[in-house]
Amino acid sequence: MEVSNKKITSPLFSLLLISAIFIQCFTYVCSIGVNYGTLGNNLPPPSQVAQFLKDKTIIDKIKIFDVNPDILRAFANTGISVTVTVPNGEIPKLLDIGYAKSYVEANIKPFYPQTKIDVIAIGNEVLHWETPQVQNKLVGAMRTFYQALTQSGINIIKVSTPHSLGILLSSNPPSMARFRPGWDVGILQPMLQFLRETKGPFMVNPYPYFGYNPQQVDFLLFKQNPGVFDKFSKKMYTNMFDMLLDAVYMSMKRLGYADVDIIAAETGWPSVGESFEPQCTVENAASYNGGLLRKYVTGSGTPLMPHRKIETYIFDLFNENTKPGSAAERNFGLFRPDFTPVYNIGIMKGQPLLPAPVQPKPLPQPALPQPRIQPQPQPRVPRHHVKPGPKPVPILPAQTAPKLPAQPLPKPAAPMGKRFCMPKPEATDAQLQASLDWACTNQGVDCGPVQAGGPCFNPNTVRSHAAFVMNSYYQIKGRNDFNCDFSGSAVIVFADPSKYSAFSERYK
């Protein structure tokens, strides 16, 4: 009998090798989380949701935007970790240890430890939504709430709070990023000290979606692209998500807290949008969320945090049909209310991940510092429903980094010229008035021209006044995409809106 010279691999060895690979991938895949929003009138009951996630998906963490007792009860004994959110309106009262303990007794202890609550978020994007009076109470409320937990015999649950990336003064290039002055040493440094002492995570909401640029769509969607080179750190970036996280990391490091864990508490991409939201497609949503999931299967970390495991929560579990705003706001979901996937990316058990793009060896593309750009908060569609408790707290968008320089593509887009921020045609007068009230109050916009006697008072309509104020805000805040949102009532246009002559002359 002829003996082959080929190396013989035993079935046992092959089985062990496959098992090792499976275990490694399984470890990372199971760290993926999802935000479970409830702004829909056709959503399944929490008990069905809990059973579905446990039996059919690889999701083992959820984050909710309240302390909903029905959800907390439903997830008991499932093994799925839960992050709950204390509404922003509770923050001032939580400085009272007696009130904090009563809150724990009423909203946490009845469900813990049967429900695996691992993080309690004190508010959501507080620095971007609330007044300075509330902002300055945030760290004290976090400390008091943690004290209330420990005095109630709960020593494992962490306390934190999510931030939009408007906390950054600059984020491009990541190596030069820093927190905004005032918030850096006044709020974020003592917060990071508290998180270090309690081993809690620093939670941020990175959304490349809000920095959409058709010239850089591949960079945003984890697709093949030339990459962006940070000349200061000598690191190459192949996706925006890594850049945003490294910008946060460097900002923390400048304050001396690089050791504090980071959680990506919200990130996602909508699958459907309005006609003026061409980036909202099933293909793009699948590419972004699929790339995100694939990234953490490999455990690659980021260029400045290699192999560092960062908990990530995709937004959103379901499409939520009662959310106000554009169609995009109602279509961030991975699933429809009947549990059918909107697209397949490997979330279902036994389902393969999307294949990774083949990345060529890129030519370094410089990431240009933009130190003068300051991400600013804007009013936006509420992302959560508080039940029971106070009225739902409106939530701001997670701000992305300022746009990166356009990367060369086979067919580069033509220059778009001047950009203006205008009301959407379907925006109601009530929406526009709310945006006017917000922008004209402590946001640095000179609204005198649209007041009685001003040069832009006529035509005396809410829409005309809103056009002037929205565009003024957009121009003075840096002309970033996220500066033209206004709760989904505004849109960027490239043609000079000459019908509003007052401001089109002003910004020629």
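## Close-up views of a predicted model

**View 1. Nine strands form an open sheet.** Strands of a sheet pair through backbone hydrogen bonds, either parallel or antiparallel. Here the pairing is parallel. The strand order is β5-β4-β3-β2-β1-β13-β12-β9-β6. Which strands stand at the edges? They are β5 (158-160) and β6 (162-164). Each has a single partner strand, so one side of each is left without a neighbour in the sheet. Neighbouring strands of this sheet are turned against each other by 25° on average, direction ignored.

View 2. P162 has M203 of β9 as its bridge partner.

**View 3. Strand β1 is covered on both faces.** This strand holds residues 32-35. I32 and V34 lie on one side. G33 and N35 lie on the other. Are these four residues buried or exposed? All are buried.

**View 4. Strand β1 is joined to β13 and to β2.** Three bridges link β1 to β13 (residues 312-314), and this pair runs parallel. Three bridges also link β1 to β2 (residues 61-63), again in parallel. V34 takes part in both pairings. Its bridge partner in β13 is I314. In β2, V34 stands opposite I62. How does the chain get from β1 to β2, and what is the handedness of the crossover? The path goes through helix α2 (residues 46-56), and this β-α-β crossover is right-handed.

**View 5. Helices α10 and α11 cross at roughly 60°.** Two packed helices are described by the angle between their axes and the distance between the axes. Helix α10 spans residues 240-254, and helix α11 spans residues 282-298. Their axes come within 11 Å. The crossing angle of roughly 60° makes α10 oblique to α11. Which residues make the contact? From α10 come F241, D242 and L245. From α11 come Y288, L292, K295 and Y296. Five residues of this contact are nonpolar, two are charged and none is polar.

Definitions and conventions:
Residues numbered from 1 in each chain as written. Predicted model: local features only at pLDDT ≥ 70, side-chain atom pairs only at ≥ 80, totals over all residues. Heavy atoms only, no water. Axes fitted to C-alpha atoms, helices over the stretch in contact; angles between N-to-C directions. Helix = DSSP H or I, 4+ residues; strand = E, 2+ residues; numbered from the N terminus. Parallel < 35°, antiparallel > 145°, perpendicular 65-115°, else oblique. Contact = heavy atoms within 4.5 Å. Nonpolar A, V, L, I, M, F, W, Y, C, P; charged D, E, K, R; others polar. Buried < 20%, exposed > 50% of the residue type's maximum accessible area, 1.4 Å probe, protein only. Pairing = 2+ DSSP bridges. Right-handed = clockwise from strand over helix to strand, strands pointing away.
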